[in-house]
Amino acid sequence: MAISYDQRQEVIALLVGMFDAAPNADILEEFVTSLEDGSTVSQIANDLDDHELFLDIYPNWFTNEDVAGALAAALVDGNGDASVEAAAEAALLSILEGGASVGDTIHAATAFLMTADALADANFGDVAQAFQNKVDVATYVAINALNADSDMETLTAALDGVDATADSVTDQKAKINNGELTADAEQFLTVNQDFIEGTSGDDY
């Protein structure tokens, strides 16, 4: 069973939104397998928001306000001024205070940023373009950089410098093609499991 293009991009967008990192082919395959086995993207988001790697970024002692502020800063990522970041924080806080989990909140945010409506939004247009560019590069890593390291430092570096400009996408893909992304970290993101070393394969 294969998933659709839209499903694949939804998962990649979720990973970019949660970790500001690209998946490599092995990581993406594991998440696709989860979808094929009946999981929803929402379930994947809620599994990942309990993952140790995620809790390093958004600790479980964060308040809703803390999460909204940190997430707004990560998603805006310099592609808007203070008023844009404040608007993003308010929107995210509203979702959280409505009872959504952190994972579902990020899923809602990334789903919105992938839309044409977000690109046309007066506040979030550049934010959405930058996010979609990151998803473009993340997809490129997953599909083309088949031998890319699985460590999170390298997969985060894959998106460094990607912003709302087309040139940033071209430049980053060139770095990936030239093998310029390296890292020494030994922590790997895998589905529904703790860290392992060596590969991103299953460790059940």
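Predicted model: local features only at pLDDT ≥ 70, side-chain atom pairs only at ≥ 80, totals over all residues.

Guide: Residues are numbered from 1 along each chain as its sequence is written, and side-chain values use heavy atoms, with hydrogens and water left out.

Visitor: What pLDDT does the protein chain average?

Guide: pLDDT is the predictor's confidence in each residue, from 0 to 100. In the protein chain, 85% of the residues score at least 70. Over residues 183-204 the pLDDT is below 50, and this stretch has 56 contacts in the model beyond near neighbours in sequence (contact means heavy atoms within 4.5 Å). The chain average is 85.

Visitor: How many helices and strands are there in the protein chain?

Guide: Helices (H or I, at least four residues) and strands (E, at least two) are DSSP runs, numbered from the N terminus. Along the sequence the pattern reads α-α-α-α-α-α-α-α-α-α-α. The count is 11 helices and 0 strands.

Visitor: What share of the residues in the protein chain is buried?

Guide: Buried means under 20% relative accessible area, exposed over 50%, partly exposed in between (1.4 Å probe, protein chains only). The protein chain has 204 residues. The buried share is 45%.

Visitor: Among contacts between residues at least 6 apart in sequence, what share joins residues at least 24 apart?

Guide: This value is for the protein chain and takes contacts between residues at least 6 apart in sequence. Those that join residues at least 24 apart make up 67%.

Visitor: Are helix 6 and helix 7 roughly parallel or oblique to each other?

Guide: Axes are lines fitted to C-alpha atoms, for helices over the stretch in contact, and angles run from 0 to 180 degrees between N-to-C directions. Helix 6 (residues 82-97) and helix 7 (residues 102-113) pack at about 135 degrees, with axes 9 Å apart. Angles under 35 degrees count as roughly parallel, over 145 as roughly antiparallel, 65 to 115 as roughly perpendicular and the rest as oblique. Helix 6 and helix 7 are therefore oblique.

Visitor: How do the residues of the contact of helix 6 with helix 7 divide?

Guide: Leu92, Ile95 and Leu96 of helix 6 meet Val102, Thr105, Ala108 and Ala109 of helix 7. Ala, Val, Leu, Ile, Met, Phe, Trp, Tyr, Cys and Pro count as nonpolar, Asp, Glu, Lys and Arg as charged, and the others, Gly among them, as polar. The division is 6 nonpolar, 1 polar and no charged.

Visitor: Does helix 2 pass helix 3 in a left-handed or a right-handed crossing?

Guide: The axes of helix 2 and helix 3 (residues 41-48) come within 9 Å and cross at roughly 125 degrees. Phe31, Ser34 and Leu35 in helix 2 meet Val41, Ile44 and Leu48 in helix 3. A crossing is left-handed if the near helix is turned anticlockwise from the far one by less than a right angle, and right-handed if clockwise. Helix 2 passes helix 3 in a crossing that is right-handed.

Visitor: Which classes make up the contact of helix 9 with helix 11?

Guide: Helix 9 and helix 11 (residues 166-177) pack at about 20 degrees, with axes 10 Å apart. The two are therefore roughly parallel. The contact is made by Asn133, Asp136, Val137, Tyr140 and Val141 of helix 9 and Val169, Gln172, Lys173, Ile176 and Asn177 of helix 11. By class, this gives 5 nonpolar, 3 polar and 2 charged residues.

Visitor: Which residues does threonine 139 touch, not counting those up to four places away in sequence?

Guide: Threonine 139 is found in helix 9 (residues 125-144). Threonine 139 is buried, with a relative accessible area of 9%. Its C-alpha atom is separated by 9.2 Å from that of alanine 25, 114 residues apart along the chain. The residues touched are Arg8, Gln9 and Ile12.

Visitor: What is the phi of aspartate 20?

Guide: Aspartate 20 is found in the loop between helix 1 (5-19) and helix 2 (25-36). At 29% relative accessibility, aspartate 20 is partly exposed. Most residues other than glycine have a negative phi. For aspartate 20, phi is positive, near 50 degrees.

Visitor: Where is the place of aspartate 77?

Guide: Phi of aspartate 77 is also positive, near 50 degrees. At 38% relative accessibility, aspartate 77 counts as partly exposed. Its place is in the loop between helix 5 (64-76) and helix 6.
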